[in-house]
Protein chains: 2
Amino acid sequence: MINQLVEKIKQTGAPIVAGLDPMLDYIPEQVQEKAFEEFGETLEGAAEAVWQFNKEIVDKIWDLIPAVKPQIAMYEQFGLPGLAAFKKTVDYCKEKGLIVIGDIKRGDIGSTSAAYAAGHIGRVQVGSKSYTPFDEDFITVNPYLGSDGVNPFLKVCREEKKGIFILVKTSNPSSGEFQDRLIDGRPLYELVGERVAAWGEEAMGDTYSYVGAVVGATYPEMGKTLRKIMPKAFILVPGYGAQGGKGKDLVPFFHEDGLGAIVNSSRGIIAAYRQEKYADFGAEQFGEASRAAVLDMVQDIRGALENR
Amino acid sequence: MINQLVEKIKQTGAPIVAGLDPMLDYIPEQVQEKAFEEFGETLEGAAEAVWQFNKEIVDKIWDLIPAVKPQIAMYEQFGLPGLAAFKKTVDYCKEKGLIVIGDIKRGDIGSTSAAYAAGHIGRVQVGSKSYTPFDEDFITVNPYLGSDGVNPFLKVCREEKKGIFILVKTSNPSSGEFQDRLIDGRPLYELVGERVAAWGEEAMGDTYSYVGAVVGATYPEMGKTLRKIMPKAFILVPGYGAQGGKGKDLVPFFHEDGLGAIVNSSRGIIAAYRQEKYADFGAEQFGEASRAAVLDMVQDIRGALENR
């Protein structure tokens with residue numbers, strides 16, 4: 001799957017992933033109203049609004065980008081109907097040829113991580129049959145429990161040719177509270193980065209490993225160091241746009257050939273219609289506004305990479 | 001909810017939580033076969049087997065213990081039907097008067113943690129209505145992202161009088177890989193413990209905080225230190241039994257009055273019928289075997305606390 005991701009980035013020229021993290025708040029009133037007419041102001045109604053919103057955006061941007069990243073929390077908050085909308089979104093995006101990164105940030109002791117790995121990127125056995133329940137292409141993984149919490153994911157990556165992105169340095173303001181603390185003179189995120197590189201050796205694709213890393217756009221200097229520590233890890237970079245990251249901040253995350261990283265934007269794409277810049281589209285044309293935002297983002301990042 | 005947990009531990013005399021982490025493998029054949037007859041060898045069939053297995057065990061042990069801890073991964077691995085069985089299990093245990101600790105180990109950047117908090121221990125707004133989707137009493141939380149990933153959970157704890165247990169030192173063999181690394185001469189888990197104590201001050205119950213900690217039974221010396229660092233944090237202690245922890249190892253996690261910790265056993269209780277010790281019950285009487293295992297565990301822990 002990492003080979004396919006690299007291939008699709010080359011095809012589209014867009015090292016970009018659209019974060020499908022729909023808060024109800026982002027969803028235009030007409031979409032919410034229609035869903036509530038059918039299902040009432042219920043969890044089912046919220047899930048339907050989320051799904052219709054996603055579908056419209058995906059229909060307008062699928063040809064421009066290689067991948068989407070649905071954040072499962074935004075679905076899980078609406079309980080079982082919300083998780084059904086997550087699954088529907090994953091399936092629909094895959095039908096459209098998009099690579100799906102499930103942003104699930106799971107991680108636990110070995111047997112439990114094995115269950116998450118089976119449910120999200122692997123197979124689960126039921127009697128004589130086997131199933132692929134959520135069937136994302138990549139997922140994000142939390143490393144706090146160490147190797148035996150990560151190994152079950154590695155095993156499934158090798159078996160299924162799927163991938164993971166391990167949290168190394170997250171984009172949020174307080175990520176430094178633990179991640180930046182010095183151990184033998186070096187920050188924790190560097191040690192995690194070294195482990196990511198080592199884990200990655202056990203699950204290599206053609207050029208990059210099935211094991212990638214999450215490093216926030218908001219910390220470009222750290223991105224530069226981590227790029228060196230994990231040369232074969234693809235870096236998933238959140239924090240562009242709404243969280244403050246800009247095109248030029250992203251350069252250190254990429255290799256010289258313009259590969260090696262993929263930048264996520266969520267709100268900046270899916271709620272573009274609410275920005276002054278795209279206000280002319282209006283709430284009715286929210287999908288078109290998202291398309292314009294993706295095109296602008298491609299230009300911003302390509303420009304920055306060309307002028308590095 | 002922390003006050004209720006303390007109260008129920010006093011009532012039952014059992015600082016014990018039963019981990020409802022049903023691998024299919026643990027479920028006796030007659031239960032699986034019956035579920036497969038009705039739903040086929042499908043995810044629905046697996047979910048039904050899990051639910052029937054849980055129900056039988058809960059029916060046999062609910063009066064002995066204060067709480068249960070379903071591990072969501074074991075349900076999530078069976079996709080949407082699995083998660084429906086999780087929800088059914090949570091609801092049923094609450095009907096039985098049990099406190100439910102959702103072992104979900106979530107944690108993300110602020111807005112995303114807020115969505116997890118809403119979905120699992122809080123409320124989500126849909127138009128003019130509000131819902132409590134999963135409605136656990138406590139959940140487990142991963143601290144790797146720092147304060148702004150934890151604060152949304154604290155907020156919901158205060159609003160809803162619910163609780164969280166934050167991962168401090170996990171029970172697995174490689175937990176030391178990052179958690180034990182020295183920062184200014186002290187291991188990371190101690191720094192996390194200090195933060196847990198500080199976060200806890202912001203959400204206090206009567207004697208204990210709504211903010212507890214997870215510390216593995218497999219590390220009693222560290223438990224002793226952490227007990228002192230976080231005097232008002234209830235400690236959820238996994239790793240008893242199958243993972244290697246014994247009654248006498250648990251003493252350091254408790255205060256002198258025998259309160260302050262709650263010990264989890266999963267396999268040791270739910271798959272008791274497969275142990276030589278309880279083999280006489282046979283697979284047909286698996287619920288009775290679980291009951292016997294709980295009674296033995298209560299005796300082991302009480303004995304250890306009385307002889308401290």
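Visitor: How many bridges join β3(B) to strand β6 of chain B?
Guide: This is a predicted model, where local features need pLDDT of at least 70, side-chain atom pairs count only at pLDDT 80 or more, and totals for chains, interfaces and linings use all residues. Residues are numbered from 1 along each chain as its sequence is written, while chains are lettered from A and ligands numbered from 1 in the order in which they are written. Strands are DSSP runs of E, at least two residues, numbered from the N terminus. β3(B) and β6(B) (residues 138-141) run parallel, and the bridges joining them number three.

Visitor: Which residue in β6(B) stands opposite B:R106?
Guide: B:R106 points one way from β3(B), together with B:V100, B:G102 and B:I104. Its opposite number in β6(B) is B:V141.

Visitor: In β3(B), what is the bridge partner of B:A67?
Guide: Strand β2 of chain B covers residues 67-70. β2(B) and β3(B) pair (DSSP finds at least two bridges between paired strands). Their sense is parallel, over two bridges. The partner of B:A67 is B:I99.

Visitor: Why is β3(B) largely enclosed by the rest of the structure?
Guide: A residue is buried if 20 or more other C-beta atoms, placed from the backbone, lie within 10 Å of its own. B:I99, B:I101, B:D103 and B:K105 point one way, and they are buried. The strand is largely enclosed because the buried residues number eight of eight.

Visitor: What percentage of the residues of chain A count as buried?
Guide: Chain A has 13 helices (DSSP runs of H or I, at least four residues) and 12 strands. Of its 308 residues, the buried share is 61%.

Technical notes
Buried ≥ 20, exposed ≤ 12 C-beta atoms within 10 Å, placed from the backbone.
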